[in-house]
Amino acid sequence: MSRETLIDLIYLISATTFLVALKGLGSPKHARRGNMVAASGMLLAVVATFFKYVDGHSLHHVWLILLGIFIGAVVAVPVARFVKMTAMPQLVAIFNGVGGGAAALVSITEFVHIKSTHPATYVTLEVLLGVLIGTVSFSGSAIAFAKLQELMTGRPVTYPGQQIINGVVGVGALVLIVTILVNGSTPLLWILLALAFVLGIAFVLPIGGADVPVLISLLNAFTGLAVAASGFTLGSNLLIVAGTLVGASGILLTRLMSAAMGRSLSNVLFSAFGSNITASGATTREDGRSVRSGTPEDIAVLLSYSSRVVIIPGYGLAVAQGQHVLRELAEVLEGKGIEVFYAIHPVAGRMPGHMNVLLAEANVPYEQLKEMDEANSELQTADVALVVGANDTVNPAAMDDKTSPIYGMPIIRADLAENVIFLKRSMRPGFAGIENELLYNPKTLLVFGDAKDTLTKVVAAVKAS
Amino acid sequence: MGNVLLQYATVLVLTIFVGTEIIAKVPSILHTPLMSGSNAIHGVILVGSILILGAANTNLEMVLGFLAVILGTLNVVGGFVVTDRMLEMFKAKPKTAKPKSDEVAE
């Protein structure tokens, strides 16, 4: 067997491990092992690459390569290990962005490298796609990171003529691509790079904080596609398979996420959702309707005399760092023979499935986490729906108010439970800035205050009773 | 165009179908690790980065390739470590004594 065949065989093994890893994610039990398998496959592929011949010689600059890997690893490991779980979305955004940047760089360098050989038009096209998509992913992820990290406003950034300017930039990029295809000019490639960079920023600016999870998922798909494009240019099946897998998964997830919000993808990306609503919705209605508010002790009594409690957590819980106390409460209630589970809305948190990770971190067993549909069928027989730090995901307006911006979004039917308890910081509407009718329902009990403080008091009161 | 391109296109198309099939089966509870895990997988661009730096002839190619290796490593190492950290937390209930009745109904 020749050296090249052996390396290709190793690449095949690596590609297989990636599939095994994704398949492992079908259940929490095998997921971690799958990830380890993929990491080993990746290591194998990287090591094998050092033995490859390029342009008929063995790799040059081996020490420089090793230095680059060393620098990357020294930065990545501590960051990945020690960042808080609530900050996970921005971390994924940044790792995604650097991947897109790497793909763009690989494509450009390859173009510079092979230019003297006058590559075929389709090769140039692959390069240009790699540069365009990779760079958009890079700069877009950077802005998404800034929004999530609150380095800039999470609100949609809009300015007059925005759509037109974006359109011009987009069309400009296309014209450039065609021109480069025709004359193979390298200077124009750098202009395309700059334009793609601007395009990524312009694309992400008008997307509101609540929609950023969908966006990250899409940018993840972009990076995957950019990697696949580089794979075409370099003639590497491994890169094509891995890139395409990620592209497919990202696009699928993006569609699932938009569906979970009851909106189309184009609505998420282009409508600057939340910019006009917040202007009108923030003015609370002054029609003097009263809400029923209670104390932690009231809640403790209500919970203690229930037989089935459904907890509906939202991002507000994570902000208050109340996950551990919440889990303690659930355990105390279970100790009293009360059935407790968590109903998780698909878009609760700041990325798909984020709430599950946050609860898992607080040692909540995953059997207790129920998906929306399953939870809804059980809520009818629940005595208490305990809503902690969530708002829009339980807002009945999504079902019956056609004028509501969130109309059509599937919700968790907290309103079906016998009693509803809301732990809220204030009467302020949620992230999307929409009034919630459920707060005024006679069966709803509100407790204002920091979720963690309130929960701590409730736990004490339940224990005492 | 040649057969090589066609061969790559075949791989591309088949992967789209296989990938979609596998990923559609991932439960929503694991969507964050899925995103993070697939994020790590596209870190395979590191292999491409190594190849272009290894083939670099000019200073420009070397600088770009070196940057690509750093970025690629950040992606792949960070991606796998974060995913592992997330998945580590997904634990089953410690006591398996009480099988839940409502799980059968699924």
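**Make-up and packing**

Modeller: Chain A of this predicted model has 18 helices and 8 strands. Its C-alpha atoms fill a box of roughly 80 × 55 × 35 Å along the principal axes.

Colleague: What percentage of the residues of chain A count as buried?

Modeller: A residue is taken as buried if 20 or more other C-beta atoms lie within 10 Å of its own. Applied to the 465 residues of chain A, that criterion gives a buried share of 52%.

Colleague: Are α8(A) and α9(A) roughly parallel or antiparallel?

Modeller: Helix α8 of chain A spans residues 212-234 and helix α9 of chain A spans residues 237-260, and the two pack with their axes 7 Å apart at an angle of about 160°. Because angles over 145 degrees count as roughly antiparallel, α8(A) and α9(A) are roughly antiparallel.

Colleague: How many charged residues does the contact of α8(A) with α9(A) have?

Modeller: The crossing of α8(A) and α9(A) is left-handed. Sorted by class, their contact has 16 nonpolar and 12 polar residues, while the number of charged residues is given as none.

Colleague: Which element gives the most to the side of chain A that touches chain B?

Modeller: The contact between the chains takes 80 residues from chain B and 96 residues from chain A. On the side of chain A that touches chain B, 58 residues are nonpolar, 28 polar and 10 charged. Elements giving two or more residues to that side include α1 (3-24), α8, α9 and β5 (369-371) of chain A, but the element that gives the most, with 17 residues, is α4(A).

Terms used
Residues are numbered from 1 along each chain as its sequence is written. Chains are lettered from A and ligands numbered from 1 in the order in which they are written. This is a predicted model: local features need pLDDT of at least 70, side-chain atom pairs count only at pLDDT 80 or more; totals for chains, interfaces and linings use all residues. Axes are lines fitted to C-alpha atoms, for helices over the stretch in contact, and angles run from 0 to 180 degrees between N-to-C directions. Helices (H or I, at least four residues) and strands (E, at least two) are DSSP runs, numbered from the N terminus. Angles under 35 degrees count as roughly parallel, over 145 as roughly antiparallel, 65 to 115 as roughly perpendicular and the rest as oblique. A crossing is left-handed if the near helix is turned anticlockwise from the far one by less than a right angle, and right-handed if clockwise. Ala, Val, Leu, Ile, Met, Phe, Trp, Tyr, Cys and Pro count as nonpolar, Asp, Glu, Lys and Arg as charged, and the others, Gly among them, as polar. Two residues are in contact if their C-beta atoms, placed from the backbone, lie within 7 Å. A residue is buried if 20 or more other C-beta atoms lie within 10 Å of its own, exposed if 12 or fewer, and partly exposed in between; C-beta atoms are placed from the backbone.
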